[in-house]
Amino acid sequence: MRKLPIALIFSLFTFFASAQELSYYLPDSVSYNPNIPTPKSVIYHEVGEWHVTHDRLVNYMKALAVAAPDRIKLETMGFTYEGRPQVLLIITSPKNHARLEEIRQQHVQLTDPSFNGNLPIDQMPIVVWVGHSIHGNEPSGANASLLSAYYLAAAQGKNIDELLDKVVILFDPSFNPDGLQRFSTWVNQHKSKNLVTDPNSREFNEVWPGGRFNHYWFDLNRDWLPAVHVESQNRLKWFHLWKPNILTDHHEQGSNATFFFQPGVPSRVNPITPEKNQELTGKLAVYHAKFLDRIGSLYFTKENYDDYYYGKGSTYPDVNGAIGILFEQASSRGHAQQTSNGLLKFPFTIRNQFVTTLSTLEGAAALKKEFLQWQREFYKTAISEAATAPVKAFVYSAKKDATKAAIFTEMLKRHQIEVYKTAAEVAGDNGVIPKGEGYIVPANQPQYRLIHGIFDKTLQYKDSLFYDITAWTLPLAFGLNYAELGAAKFSPSLIGDRVEAVTMPSGSVVGGKSNYAYLFEWDELLAPKFLYELQNSGIIVKTATNTFEIPTSAGSRKFAYGTISISVQLQSMSSDQLYKKIEEGAIRNGITVYSVATGNVTSGSDLGSSRMAVVPKPSVAMLVGNSVSATDAGEIWHLLDQRMNIPSTHLDVSSFNRVELGRYNTLIMVSGGYGDINKDKLKAWVQQGGTLIALEEAINWCADNGITTVNFKKAKSPLDSLKNLTYVDREQINGAQQMSGAIFGAAIDQSNPLAYGYQQKVVSLFKANRVYMEKGKNPFAIPFVYTANPLQSGWVSKENYDAVKGCAAVLVSQVGSGRVINIADNPNFRAFWLGGTKLFMNAIFFGRLVNSGGDRGEE
């Protein structure tokens, strides 16, 4: 007997029931187990009546796991920064639960070309990950998870039994617990008994930074690939434990839209993604359309959104043998809001998300064999393509920065990529990588496509419009010395021991205790963290503004610009206490410290020279609040707090005018607007010796208000060279002029304090703006300059490219006794751009040392 599709069940919906009743959402032709608790019995309100808080959401999922242990197993993937649990429900039939680990192992074998040819696909269940609300203020997904989980736990009958036999569901009720909690608190506290639907009402306008982001104000939907954050790392561990065939990603869009599901724009699919992926996405889309048609919901597809950046939840699966599906529901933002399509109620948005969860599961069950075959084929063809591809391996290292190389290696292994140590010397793009000091990633392995998605530089595109960034070449982002190895340069003899586990480097004090001084170089990623630890202990430190060579216990050694010097006799603590502090910090931060017994150098400047400049302890404040980019600010907060252990004050722009600025020696302004702050007060603070770090469009604001002296280049209009245009051409032309994000090379002056610690002469910077600073005539003020042909990877229009060439990437304005460090781009982009970390930390520690006037001081 032919089973009744779930889609037909929705023809029996009670359309005019109260939005607070389950009957509004659930198919009424299905019977439900009365022993399974309804959402209201646990969260104390009907679904959609209030926005569910994360704690109540988790309580309900736990209650279901207790009430339906034959269908549901609850796992805790980990915890967020704020200590909230990330729970995952594994939902399937009792029969599958009885052999769950066998199913998991068998499914993972499907992605291994050496095993998967013999697997019984016809008898294997498909694995579907259902994920909700990675943006906390797009809550219809997380609230719909209450309904989906209840339905999957309580529904009875042949249809649900067959579905659960065919599908293992990995059910994530909230991708972003901290953001969901923040947003639900906001909208619930502003809900009126008589619902206010005016979009201008406070309910629909969150205070900064809003609930979209995680604790550190990051967009977690851009973190699947770099996986900087604990939420992403916890989730990826379970993703690769199971290797799902389908992953759904439930989002919201503007309130005046309808509902979107993939496929997206065909010309904006990453070329690494095989065409079969989009074919299966289209087949699944038929089910979404049918289900939404049944309940009369409007929708669109193949527009606006894309499948290009592999760091998004709906695209990361595409390069892992799965299909990612993006759902975008028009957002009520609160409980009910007037829109161009009429009154949009929160329960309506929830119902669409619930319906498309069911459409996904029915489509997955019906297309099970195709999806399983595709996963097997994806990895088999990856091996065959790798065998004939011109690039045979990638090598990389980070000269004098083992910590950064280890972090990169850890990221690769998180994605199941095999990494080995180099067994012989090999040439990188920025110099020779000695034997055993580098890493090699052979292309011929199951994650061949993802490896290219991480390492490749991209300069050719089918389209010039992008939903997200156009390039993210991660070795460039990390500032690594890397290279592609073709057949002529590759040899299996280059492959050394496999890296099984990554351990962060441990430092040491070479030569033991000194009674004179200690030195350490500024190359390592965590050198600023170590320096701040020393300063926080009251230790006086100096930095070398000249190179020098000096005898050490390990022989005569040359030290570069930025080397840190710690004189024993300058300190208030004993030599034993000082040694203990330095040794412990060196070990903890992976820093090699050298003991020296003399200040008399072989060449360069002596340790007592005025070229050894005292480094003041940073006292940092960052302006935040309305009109300031929360993500840009969050990247800096995360860098200072998580990586460097440096506290920073978050100074709200609304309180700036009444704050005493004298307690800070460094102020940071990220991209955004600062119209209400006292410009004269800010300028006076700089004039009195402060260091102001202005990033991206904040430079324009500072220049317009007389705080920094920067002139700007303007890109030419494309209309100057185009003819016979029609109105429909405007979107393509205007969109192509947007700087969505590309990678450019900037030549650096390694003697400038802002370039201390860089080994390479060209640094890769990420540009996603149209801030083009003129160099001006002062060569001492431009330590970073874009080269004549700077594009390394990504899309940029000819007009914008012409403007970038030769302009200043970093420019220093001397204002009285202070400095404005103008950084045209985002050196901390999404917290994975570790190649820019040195520049940013140099601005904090050494900004005051940059003398753009060329004054050498007293002779």
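Predicted model: local features only at pLDDT ≥ 70, side-chain atom pairs only at ≥ 80, totals over all residues.
Residues are numbered from 1 along each chain as its sequence is written, and side-chain values use heavy atoms, with hydrogens and water left out. Local features need pLDDT of at least 70 and side-chain atom pairs count only at pLDDT 80 or more, while totals for chains, interfaces and linings use all residues.

**Exercise 1**

Task: Find where Thr 543 is placed, and state whether Thr 543 is buried or exposed.

Solution. 
Step 1. Strand E21, residues 542-544, contains Thr 543. Helices (H or I, at least four residues) and strands (E, at least two) are DSSP runs, numbered from the N terminus.
Step 2. The relative accessible area of Thr 543 is 0%, so Thr 543 is buried. Buried means under 20% relative accessible area, exposed over 50%, and partly exposed in between, with a 1.4 Å probe and protein chains only.
Step 3. Contact means heavy atoms within 4.5 Å. Leaving aside residues up to four places away in sequence, Thr 543 touches several residues, including Gly 562, Arg 611, Tyr 756 and Phe 846.
Step 4. With its side chain, Thr 543 reaches the backbone oxygen of Gly 562 at 3.2 Å.

**Exercise 2**

Task: Give the strand order of the open sheet of 3 strands, and explain which strands stand at the edges.

Solution. 
Step 1. The order is E23-E22-E26, and the pairing is antiparallel.
Step 2. Strand E23 (555-559) and strand E26 (603-604) stand at the edges; each has a single partner strand, so one side of each is left without a neighbour in the sheet.
Step 3. Two strands pair if DSSP finds at least two bridges between them. Strand E22 (residues 548-552) and E26 have 2 bridges, in the antiparallel sense.
Step 4. Opposite Ser 603 in E26 stands Glu 549.

**Exercise 3**

Solution. 
Step 1. On a 1 Å grid over the protein atoms alone, a cavity is a set of points where a 1.4 Å probe fits but cannot get out, and lining residues have an atom within 4 Å of a point. A volume is the space filled by probe spheres set on the points, with grid points joined across faces, edges and corners.
Step 2. The volume of the largest cavity is about 40 Å³. Helix H18 (residues 630-643) gives the largest share of its lining, 4 residues.
Step 3. For the second largest cavity the volume is about 30 Å³. Here too H18 gives the largest share of the lining, 3 residues.

**Exercise 4**

Task: Locate Pro 209, Lys 243 and Lys 302, and describe the backbone at each.

Solution. 
Step 1. Most residues other than glycine have a negative phi, and most peptide bonds are trans.
Step 2. Pro 209 lies in the loop between helix H8 (177-189) and helix H9 (230-242). The peptide bond from Trp 208 to Pro 209 is cis, with omega near 5°.
Step 3. Lys 243 is in the loop between H9 and strand E7 (246-253). Its phi is positive, near 50°, and Lys 243 is buried at 6% relative accessible area.
Step 4. Lys 302 is in the loop between H10 and strand E9 (323-330). Phi of Lys 302 is positive too, about 60°, but Lys 302 is partly exposed at 49% relative accessibility.

Conventions
Polar contact = N/O pair within 3.5 Å; in protein donor to acceptor, adjacent residues only side chain to side chain. 1 Å grid on protein atoms, 1.4 Å probe; cavity = no way out; pocket = protein on both sides within 12 Å on 5 of 7 lines; lining within 4 Å.
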